[in-house]
Structure formats: structure tokens, C-alpha cells
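Good morning, and thank you for the time at this meeting. I would like to go through the chain contacts and a metal site of one structure. Please look at the sequence and the model as I speak.

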Protein chains: 6
Amino acid sequence: GPVFDKETYDNNDLAGVVTGLAWTSVGGEILFIETNLSRGKGKLTLSGQLGDVMKESAVAALSYLKSEAHKYDIDYRVFDKYDLHIHVPAGAVPKDGPSAGITMLTAITSIFTQRKVKNKLAMTGEITLRGRVLPVGGIKEKILAARRAGIKELILSKKNEKDILEIDERYTKGLNVHYVETAEEVLELALMKQKVANAIDLVVED
Amino acid sequence: GPVFDKETYDNNDLAGVVTGLAWTSVGGEILFIETNLSRGKGKLTLSGQLGDVMKESAVAALSYLKSEAHKYDIDYRVFDKYDLHIHVPAGAVPKDGPSAGITMLTAITSIFTQRKVKNKLAMTGEITLRGRVLPVGGIKEKILAARRAGIKELILSKKNEKDILEIDERYTKGLNVHYVETAEEVLELALMKQKVANAIDLVVED
Amino acid sequence: GPVFDKETYDNNDLAGVVTGLAWTSVGGEILFIETNLSRGKGKLTLSGQLGDVMKESAVAALSYLKSEAHKYDIDYRVFDKYDLHIHVPAGAVPKDGPSAGITMLTAITSIFTQRKVKNKLAMTGEITLRGRVLPVGGIKEKILAARRAGIKELILSKKNEKDILEIDERYTKGLNVHYVETAEEVLELALMKQKVANAIDLVVED
Amino acid sequence: GPVFDKETYDNNDLAGVVTGLAWTSVGGEILFIETNLSRGKGKLTLSGQLGDVMKESAVAALSYLKSEAHKYDIDYRVFDKYDLHIHVPAGAVPKDGPSAGITMLTAITSIFTQRKVKNKLAMTGEITLRGRVLPVGGIKEKILAARRAGIKELILSKKNEKDILEIDERYTKGLNVHYVETAEEVLELALMKQKVANAIDLVVED
Amino acid sequence: GPVFDKETYDNNDLAGVVTGLAWTSVGGEILFIETNLSRGKGKLTLSGQLGDVMKESAVAALSYLKSEAHKYDIDYRVFDKYDLHIHVPAGAVPKDGPSAGITMLTAITSIFTQRKVKNKLAMTGEITLRGRVLPVGGIKEKILAARRAGIKELILSKKNEKDILEIDERYTKGLNVHYVETAEEVLELALMKQKVANAIDLVVED
Amino acid sequence: GPVFDKETYDNNDLAGVVTGLAWTSVGGEILFIETNLSRGKGKLTLSGQLGDVMKESAVAALSYLKSEAHKYDIDYRVFDKYDLHIHVPAGAVPKDGPSAGITMLTAITSIFTQRKVKNKLAMTGEITLRGRVLPVGGIKEKILAARRAGIKELILSKKNEKDILEIDERYTKGLNVHYVETAEEVLELALMKQKVANAIDLVVED
Ligand SMILES: [Ca+2]
Ligand SMILES: [Ca+2]
Ligand SMILES: [Ca+2]
Ligand SMILES: [Ca+2]
Ligand SMILES: [Ca+2]
Ligand SMILES: [Ca+2]
Ligand SMILES: [Ca+2]
Ligand SMILES: [Ca+2]
Ligand SMILES: [Ca+2]
Ligand SMILES: [Ca+2]
Ligand SMILES: [Ca+2]
Ligand SMILES: [Ca+2]
């Protein structure tokens with residue numbers, strides 16, 4: 001059975017943790033993208049047995065955020081003053097594919113802005129470098145996993161809308177699904193204006 | 001079916017995004033070269049599951065632009081002050097070969113000059129370090145993909161002219177095909193004088 | 001037979017040495033996580049024929065500690081002024097998996113705080129980047145190894161409680177088992193307030 | 001058929017482009033060594049799907065030039081102030097072997113001195129670190145390719161003279177073949193005193 | 001036959017050379033660990049076709065010494081001002097395993113303190129990061145090799161004492177065997193107080 | 001047949017070029033070790049398709065010279081101010097093994113001291129980090145190659161003396177063979193006091 005279950009993160013007290021949806025050989029599963037920052041020199045660390053496509057996804061998400069930093073009130077200099085770590089538990093399970101792209105982007109943006117992530121929300125979708133959200137596979141299995149985990153709200157690529165329409169309504173009932181085309185829409189939906197309690201103050205010395 | 005379709009980028013509001021043409025086992029397809037810049041130290045990041053030939057293509061295109069920076073009013077010092085990321089969605093599909101060379105060059109030049117890329121334009125061709133445009137394969141399949149995607153204008157190597165002449169005129173009708181020998185001609189054709197709205201001002205501190 | 005036995009570290013005079021539990025093809029075994037610090041530039045060295053999952057575990061544990069340094073009265077600048085080495089004897093035996101995560105975290109925290117580790121204590125559990133403690137396998141075999149080694153106290157993930165309940169009480173008798181959900185709880189249980197004799201004074205020059 | 005043909009570079013307007021001769025499974029072919037410089041820190045980039053022997057050839061040629069810089073009026077500090085890129089089109093064709101050594105040396109020297117390369121000249125030969133020119137194979141096939149490409153002058157190792165003598169005179173008629181023993185002789189023969197039009201002025205700030 | 005024999009180092013005039021014992025498919029053999037220092041930046045070089053376990057051994061030994069530098073009157077800053085090279089001749093013979101650990105530690109400590117190594121002494125044993133000496137295999141074969149090489153004194157892990165007791169007394173007669181538990185004991189036994197003639201004075205500029 | 005022959009370097013005008021002897025599947029052959037220096041930061045480049053044993057040999061030889069620099073009147077700071085390149089033509093032939101060790105040491109010492117190498121001299125032998133000269137194989141085949149190449153003087157390890165004694169005297173007649181135990185003896189025999197004409201003056205700025 002899955003290592004993660006709905007109570008692993010039953011609140012959104014922590015910045016930088018976002019729920020994604022994975023599609024594995026044994027069905028859909030939720031996964032968590034965890035990020036943290038520590039004072040450093042801008043190093044990016046990726047862990048959790050990530051395949052190269054998933055790693056490129058993370059790098060593209062970070063690139064996107066860096067180039068759009070001003071939109072999210074992030075001083076571009078913090079990227080060089082902190083080390084960013086992105087981890088996907090469970091650490092022994094190999095993971096790959098581009099579908100965690102928007103989840104990673106949301107986690108990174110949350111940790112750099114210290115903004116809360118909306119509760120009971122999950123998402124799946126590829127992100128491009130310029131902020132396009134591309135469709136991904138396994139939508140049906142992911143929907144089932146989302147419901148089992150108590151997810152109430154879902155973000156998908158607009159191009160996955162057709163996949164949802166093909167699923168029996170019983171499965172999507174009670175799920176609020178948002179279809180998006182851009183990274184901006186994802187972050188608008190997923191991040192709250194409010195910062196986490198004990199938000200860290202990202203310092204840039206001159 | 002293809003992840004990309006003509007409406008993914010139905011405008012040219014963004015600098016650094018250029019449409020190329022790929023030739024795959026299932027026919028021709030359009031692809032997008034996306035680039036972005038963030039403050040940094042001149043690092044080049046390549047993503048999108050690119051093979052080594054395609055990576056070398058990107059490196060050669062960047063080298064060419066660096067050595068000809070003055071022609072395009074680029075202060076050579078910006079190359080060291082910004083990190084450049086080149087990404088080719090969809091991130092899970094392996095891509096290789098030299099035929100995206102001129103597309104990459106155009107995308108890089110657009111992002112560094114912030115000049116708009118001409119709309120409904122696609123291109124395919126190998127670029128050499130000194131700016132020669134070499135012919136590539138799969139022209140017929142690429143033509144078909146270009147038309148399906150609503151492309152109106154095409155840039156090819158002069159040495160691919162013979163391949164176009166062998167194609168039934170029905171397929172090329174309405175397509176304005178430019179044959180070029182040099183990178184200069186490509187950029188002259190593809191880049192508009194006008195900058196994108198909200199063009200970023202590439203800063204070089206002394 | 002095992003290289004290690006209970007008398008290898010029969011005291012807790014040294015900071016940075018913590019007892020873990022491994023599950024191998026020939027049953028459970030205790031293992032030691034050893035750490036040390038030397039003046040340097042923040043380099044991390046891992047040795048003891050560690051597999052990539054175990055290495056990622058160590059990196060995540062260190063990341064967690066770095067981002068929570070203030071909680072443990074660690075000046076964040078020491079991470080850049082000392083090199084950290086994590087070693088798992090015996091050096092010729094390949095080791096892998098995420099289950100040494102909390103053991104590594106405890107060893108690292110002990111070496112950076114110079115606080116003593118509680119005596120006759122062992123632990124096993126995966127750590128996530130944000131300090132969640134995840135369940136691991138082989139609990140029964142590990143319990144047997146712990147008893148053979150004279151362990152009196154054990155730290156496990158709350159999600160491993162069910163595995164303990166399935167074991168014949170004879171085997172757990174006399175073992176004080178703590179079930180935890182977070183890294184904070186692990187460190188609260190495992191580290192003493194008292195520093196080791198001859199504690200080194202981690203220096204940060206201005 | 002070959003991608004390159006005689007009209008690809010039908011003039012010698014560009015510094016740093018030199019014609020070599022390759023020997024492939026389908027016969028002899030001409031190839032071009034292209035180089036360029038951009039402001040940087042002395043990085044060397046090699047591209048064009050070069051095998052490790054060919055890469056070592058390039059590195060040895062550059063080493064030779066660096067240690068003999070004074071002979072060619074090159075300020076040794078420029079090697080650290082510019083990045084050098086060596087590319088061999090066509091970018092998708094794997095290339096290997098030491099026989100492009102003297103061609104690479106000539107191209108590098110031309111780009112660093114901005115001196116013109118003699119027109120309708122080709123060459124083939126291994127270069128050693130101390131400037132010896134060693135013989136290479138496939139001389140007959142290379143001669144045929146040179147003639148097809150309109151080459152009028154050829155540089156070979158003195159130790160390849162015997163290979164030329166074995167070839168029917170019909171094939172070498174009209175070809176002016178120079179036999180050399182040292183790198184100095186190669187550069188004396190291949191580089192003109194005249195600089196290219198618009199020669200770049202390699203700047204070394206103090 | 002073996003390349004090394006007893007007269008290779010028939011004196012102890014050099015700091016940083018220590019005799020170890022290896023166990024190969026053809027029996028036991030003596031080996032030499034050679035170290036030297038040159039002005040540099042703290043780089044560690046390992047050579048002699050060492051396997052990864054043996055390399056980790058060397059790294060752990062160096063880590064141990066760095067963290068205990070004060071005990072041996074070594075100014076910690078010398079580790080950053082000198083490059084250390086550890087070599088195990090004969091250079092073409094692959095070597096691996098953890099049993100040279102204490103030999104490497106002794107050699108490194110000797111070179112950094114310039115203290116003489118006791119004559120006609122050999123040793124074998126794994127070292128842990130915190131200075132524990134672990135038992136190793138092949139004791140009987142190593143004893144035979146030691147005697148053939150004229151060794152008079154031997155250092156072993158206390159946990160190898162049982163292996164010696166199982167060997168016919170004829171083989172150990174005249175050999176003074178020391179059983180140790182810690183690195184400190186090894187260095188106490190192996191290093192003389194006296195420095196080598198022409199001891200180099202390790203300089204640290206301020 | 002061999003690429004090299006006796007007339008490749010028929011004089012000793014160049015510092016840093018030394019003749020070695022290799023043993024290949026087709027018999028013995030002479031080889032040349034070429035070195036050069038260029039202003040830089042102490043980088044070491046090895047080329048000529050060298051195997052890892054041969055590379056380690058070069059690194060050990062350089063380490064030895066660095067640690068004994070004072071003996072040869074080399075300012076230790078030059079090692080950081082110049083880049084050293086070691087090349088073994090012919091560049092396409094794979095080479096390996098430790099037997100070029102003393103040849104490499106001689107070449108490196110010659111280039112750093114600018115002292116001439118004795119004419120018509122060849123050598124073969126492994127070097128250890130502390131300057132011991134170890135025996136190597138293929139002595140008979142190497143002797144034959146040396147004579148064919150006009151070599152008059154030979155340096156071998158003392159432990160190879162027995163191999164010479166087993167060879168028919170006809171083959172060694174007229175060859176002056178020196179048997180050595182240390183690197184010092186090699187350099188004493190091989191390097192002349194006299195510097196090469198146009199010796200470069202290795203500069204160390206303060
Ligand atoms: Ca549950
Ligand atoms: Ca992959
Ligand atoms: Ca569509
Ligand atoms: Ca490839
Ligand atoms: Ca025991
Ligand atoms: Ca693995
Ligand atoms: Ca043609
Ligand atoms: Ca190769
Ligand atoms: Ca002997
Ligand atoms: Ca191994
Ligand atoms: Ca000859
Ligand atoms: Ca090898």
C-alpha cells in the first residue's frame with residue numbers, strides 16, 4: 001500500500017509543501033512535493049529517486065519562477081543567497097515524468113514567498129519554461145486517488161478537460177476541478193495571500 | 001497525438017519562443033523552442049530530454065550569437081550576467097538531431113534582444129558555428145505539419161530547395177518559403193524590429 | 001557474523017555517533033552512523049558504500065537541520081565553515097534504503113550541537129525534508145537485533161506501531177518503544193541536554 | 001551524399017575556418033573546422049559529435065599554440081579572456097581520429113591572429129604537442145575528395161610522401177602538395193600575412 | 001611474484017611511508033602506503049588503481065585526522081595549504097577493501113607530523129570515522145607475508161585476536177603482535193616521537 | 001609499422017621531450033613523452049589515449065616532483081602559474097601501464113627546469129610517489145626496439161637487472177645500461193646541467 005495517506009499533511013501550516021497526483025502501475029496515488037530553503041549560494045538539490053524527466057521539470061519550474069520573480073514580489077537576489085532543496089517522499093520509490101511540473105512550481109513559489117498553499121487541493125500537469133500548462137496522462141486513476149485522499153479541489157491543464165468529461169460523474173462529484181492554461185492561473189488558484197505562521201524572512205544583505 | 005497544437009502559442013507576445021519543425025517516426029510535427037533569462041552568471045541550462053546532437057546545436061547557436069553580439073546590439077557582458085535556459089516541451093519526449101539549430105538561434109536572439117518573433121512562422125535547418133545554414137531531412141513531412149499548424153511562412157536552407165521542388169505543389173500552396181544560406185538571413189526574416197510589450201531591460205552593472 | 005556488536009560503542013562519550021537498525025538478507029543488524037566535523041567550507045562527504053537512496057537520506061536530513069538550525073541553537077554559518085563527514089561502518093558492506101534517515105538526522109544534530117546521544121537507544125525510520133517520520137520495513141528482524149545488542153529504548157514511526165503489535169510480546173518485553181511523527185520528537189527523545197565532555201566549540205569568524 | 005560541397009565556403013573572408021580532409025567508410029570527404037571566439041574566461045568548447053581522439057587532437061593543438069604564442073604575436077593573456085569554440089559540421093555525423101590535428105591548429109591560429117587562411121587549400125595530418133606533424137591514413141581517398149572540391153594546394157606530413165608516390169599521377173595532377181615536418185611549416189604555408197576584413201581586435205584589459 | 005620485497009624500504013628515513021598487509025588470491029603480501037605533500041589548496045589525490053572501498057578508507061582516515069588534528073599538534077590550517085597524495089604501488093595492480101585503513105591513517109599522520117614510522121612494523125585493520133579499529137580477514141596469510149618480509153612487530157584489531165590464537169604458534173613466533181581498539185593506540189604504537197631527518201616545516205602564512 | 005622512428009626527434013633541442021620504451025602485442029616500440037607549459041593556473045592535461053594506470057603514473061610523477069621541487073631549483077609557485085600538458089603520440093593508439101613512469105618524470109622535470117635531456121637515451125620503469133623505481137615487463141622486446149631506434153644508453157630499475165642478464169649478449173652489446181633504485185638517480189643520469197637554447201624563463205609574479 002501507499003506510504004502516504006491523507007493525514008500525512010492534514011493541514012497547510014508549512015510553506016513549500018504541495019500535494020500532487022501520480023499515476024503508477026498500481027493505480028493513482030497522491031504524492032507530496034516538499035521544499036525547503038537554507039542559507040547558501042543558490043544550489044538546487046533534488047532528491048527522492050527522481051528520474052531525469054522529473055528533474056528537468058523541477059529545473060524548468062525554478063527557471064520560470066526566477067524569470068517571473070517580480071510578479072510574485074520575490075527579490076531576485078534571494079535565489080543566490082539560499083539553497084533550495086526539493087524532495088519527493090517516499091525516498092526509495094523511483095519517480096519520473098513531467099506531470100509534477102505545476103506541483104513543483106507551486107511548492108517552490110510557496111517556499112520563496114512563504115505564502116500558504118490552499119488546503120485539500122491537489123494538482124497535476126506539465127509546466128513549460130514559459131509557463132504553459134500541458135496535459136498529462138492517467139487522469140482517471142489520479143481522480144480516484146484524489147478522492148480517497150480527501151482532496152476537494154483539483155487543478156488540471158485545460159487540455160485535460162476532455163479526459164474528465166469521459167469519466168463517470170460519480171467519480172468527480174464533489175471535486176472542484178479547475179482547468180488552466182498558464183502557470184499564473186495555477187499560482188493564483190493554489191497560493192493564499194496569507195503567509196504561514198512563523199514565515200521566515202528571506203534576507204538579502206547588501 | 002501531438003501534445004502541441006497550433007493554439008499553444010497563438011500569438012507572439014513572448015520573446016524567446018520560436019516554432020520549429022520536427023520529423024518523427026509518426027510524421028512531421030511542430031515543436032516550440034522556449035527560452036528564458038534570469039539574473040545569474042552566464043549558466044546555460046538545456047531541458048526537454050534533448051539528445052547530445054541537439055544540445056551541441058544549442059551550444060553552437062549561442063556561441064555564434066556571442067561572437068556576433070555587436071551586430072544585434074547586445075552588450076557582450078549580458079551573457080555573463082544572466083542565466084539562459086532553453087527548453088523544448090513536451091518534457092518527456094526524447095528529441096535529437098541538428099535541425100532545430102536555426103530555431104534555437106532565433107529563440108536565443110529574441111530573448112537577448114527582446115525583439116518579437118514574426119507570427120505564423122516556422123523554420124528548420126542546421127546552423128554551423130560560423131553561421132552557415134545547412135540542409136536537413138524530412139522536408140515533406142515537416143511541410144505537412146507546418147500547414148496543419150497554420151504556419152504561413154517557412155525558413156529553410158537553400159540546399160533544401162530541391163526537396164521542396166520535388167513535393168506536389170498542392171502541399172506548399174499558400175506557404176511562403178524562404179531559402180537562406182546564413183544565420184544573418186534567418187534572423188533578418190524571423191525577428192521583428194519591434195520589442196515585445198513589457199520587454200525586460202537587460203541590466204549590466206559596472 | 002556481524003562486525004559490530006554491542007561493545008563497539010558501549011558508552012555515549014562521543015557526539016555524532018548514533019545506533020540504527022538495518023534489515024539485511026540474513027536478518028536484522030545494528031549499525032552505527034558516525035559523523036565528524038573538520039574546519040572547511042561546508043563540504044559533505046558520505047562513505048561506507050552507501051547506495052543512492054541512503055545518500056539522498058543523508059542529504060535530506062542535513063537539509064532539514066539546516067532549515068531548522070535556529071530551533072537547535074545552531075548558528076547557520078557553521079554549516080559553511082565546517083566539512084561534515086558521515087560514515088557507516090563496516091566500510092566494505094554495501095548499504096542502502098531510506099530507513100537510516102532519522103538515525104542520520106540524530107547523528108548530524110548531535111555533532112553540530114555537541115549534545116550527547118541517549119545511551120542504549122536505537123532507531124529506524126525514513127525522514128522527509130520537512131521532518132515527517134515515515135514507516136520502514138523489517139521491524140520484527142530489527143527488534144531482534146536491537147535486543148541482542150542490549151538496546152533498551154527504540155524510536156519508530158507512528159505508522160510502524162501496527163507492525164509492533166503483530167510481534168509476539170516476548171520479543172518486545174523490556175524494550176521501551178517510542179512512536180513518533182516528526183523529526184522534532186526524534187531529537188527531543190534522542191539527544192540529551194548535556195554536551196559531551198570536551199565538546200568542541202564551533203567557531204565562526206566574522 | 002555529403003552535406004558539404006565546395007561552395008559552402010567559396011572564399012576566405014572568415015578567420016578561423018579551415019578545410020580538412022576526412023576518410024570515411026564511403027570514401028574521402030572534405031570537412032570544415034570552424035572556430036570562433038567570444039569574451040569569456042578561457043573556456044574551450046568542442047562540438048560536432050567529435051570522438052575522444054579528435055577532442056584530444058584539438059586540445060593538443062591549442063596547447064601547442066599557447067606555448068608558442070609569442071611566435072605568432074599573440075598576447076598569452078587573450079587565452080584567458082576569450083572562450084574558444086571549435087565546431088565540425090555536419091553536427092549529426094560522428095567524427096574521430098587524429099588526422100584533423102593540423103587543420104585544427106590552423107583554424108585556432110587563424111582565429112587568434114585574425115589572419116586569413118589561404119584559399120583553395122586543404123590539409124590532413126596529426127599534430128603532436130611539440131609541433132611534429134605525423135602521417136595519417138587514407139591519403140588516396142582524401143586526394144580524390146580534395147580534387148572534387150576544387151582544392152589546389154595540399155599540406156601533408158613528410159612521412160605521407162610515399163603514399164602520394166604510389167598514387168597514379170592523374171589524380172594528383174594540378175594539385176600542389178606540400179610535405180611538412182613541423183607545425184611551424186604548416187602555419188607558414190596556410191596563413192596569409194593579411195588579416196581578414198573587419199578583424200576583431202582581441203582586447204586584454206589590465 | 002610480488003614486486004615488493006623487504007628491501008624496498010629497508011629503513012624509515014622517509015615520513016609518510018607505512019607497511020601494510022594485503023590478502024590476495026595468491027596469498028598474503030606486504031604493501032606500502034606512500035604519501036606526500038606539496039603546496040596547494042587541500043586537494044586529495046589517490047592513486048595505485050584503488051577500488052572505491054579503499055578510497056573511502058583513505059577519505060575516512062583523513063577525516064579522522066582532521067577532526068583530531070589538535071591531538072597530534074597539527075595546525076588545522078595546513079590541510080588547506082597542502083595537497084595530499086596517497087599512492088599504493090605497484091600501480092598496475094588493482095587493490096581494494098578496507099583493511100589498509102589504519103595503515104593509511106598512520107601514513108597520513110606521519111607525513112603531516114613528519115614523525116618517523118617505527119621500523120620493521122606492519123599493520124592491517126579497518127578504521128572508522130571515529131577512530132574505532134575493526135577486524136579484517138586473511139590474518140593467517142598476512143602473518144606469513146609479514147614474516148617473509150622481515151616484519152618484527154604487528155598491529156591488529158583486538159577483534160582479530162581470536163584469529164591469531166587459531167594459528168600454529170610456529171608462525172607467530174618472534175612476531176610482537178599488538179591488539180588495539182582505537183586509532184589513538186595505533187598511532188601511539190607506530191609513530192616515533194622523533195621527526196625524520198630533513199623534516200619539512202609545514203608553513204601556514206597568515 | 002610504427003609511426004615513430006628514430007629521426008622524429010633526432011636531437012635534444014627541446015626541453016620536455018623524452019624517449020620511452022613500450023611493450024605492445026607486436027613487440028617493443030619506442031615512444032615519446034612530450035610536455036609543454038603555458039601560462040595558467042596549474043591545470044594538468046593528459047592526452048594520447050592514455051589508460052587510467054598510465055594517467056595515475058603521470059600524476060604520481062608530478063606529485064613527486066612537486067614535493068621535491070627544491071632539489072631541482074624549481075620555485076614551487078610555478079606549478080600554480082603554468083598549465084602542464086603531457087601528451088604521448090601517436091594520438092590514436094591506446095596506451096597504458098606504469099612503465100612510462102620514469103620517462104614522464106624526466107619529461108616533466110626537463111620542462112620545469114628547461115634542462116636538456118641527454119641524447120640517444122631511453123628509459124623504462126615504474127615510479128612510486130616517493131621516488132622508488134620499480135621493475136617492469138617486456139625488457140627483451142624493449143631492448144630490441146631501443147637498438148633499432150639508435151638508442152645508446154638505457155635506464156632501468158635495478159630489479160630488472162636479472163632480465164638483462166638472461167638476454168643474449170649480442171642484443172645488449174653497445175648499449176650502456178644504467179640500473180637505478182631512485183628517481184634522483186634517473187634525473188641525475190638523464191638531465192644535462194645545460195639548459196636548452198631559448199629556455200623559457202618561468203615567471204612568478206608576486
Ligand atoms: Ca492512513
Ligand atoms: Ca530517463
Ligand atoms: Ca488542438
Ligand atoms: Ca548521441
Ligand atoms: Ca561481541
Ligand atoms: Ca540506486
Ligand atoms: Ca554542390
Ligand atoms: Ca574512443
Ligand atoms: Ca627481494
Ligand atoms: Ca566497488
Ligand atoms: Ca623511419
Ligand atoms: Ca583501467
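**Symmetry and contacts between chains**

Chain E is superposed on chain C by a rotation of 60 degrees with 0.0 Å of shift along its axis, and the RMSD is 0.0 Å. The two copies are thus related as by a six-fold rotation axis. Such a superposition is made by least squares on the C-alpha atoms of residues with pLDDT of at least 70 in both copies.

Before I continue, a word on the basis of these values. This is a predicted model, in which local features need pLDDT of at least 70 and side-chain atom pairs count only at pLDDT 80 or more, while totals for chains, interfaces and linings use all residues. Residues are numbered from 1 along each chain as its sequence is written, chains are lettered from A and ligands numbered from 1 in the order in which they are written, and side-chain values use heavy atoms, with hydrogens and water left out.

Which residue of chain E comes closest to the rotation axis? That residue is E:K41, whose C-alpha lies at 12 Å.

Let us turn to the interface of chain E with chain C. Here 20 residues of chain E are in contact with 29 residues of chain C, where contact means heavy atoms within 4.5 Å. The buried area is about 2,000 Å², and carbon and sulfur atoms give 54% of it. Buried area is the accessible area (1.4 Å probe) that two parts lose on being put together, summed over both. On the side of chain E, 33% of the area buried against chain C is supplied by E:E56, E:L129 and E:R130, more than by any other three residues.

Which elements of chain E give two or more residues to this side? They are α1 (52-67) and β7 (126-127). Helices (H or I, at least four residues) and strands (E, at least two) are DSSP runs, numbered from the N terminus. The largest share, 9 residues, comes from α1(E).

As for interactions, the count between chain E and chain C is 0 salt bridges, a salt bridge being a side-chain nitrogen of Lys or Arg within 4 Å of a carboxyl oxygen of Asp or Glu.

Finally, the metal site. The calcium ion, ligand 4, is coordinated by B:D52 (OD) and B:D52 (OD), at 2.3 to 2.8 Å. Donors are N, O and S atoms within 2.8 Å of the metal (3.2 Å for Na, K and Ca); water is not among the atoms, so sites may look incomplete. B:D52 itself is in helix α1 (residues 52-67) of chain B.
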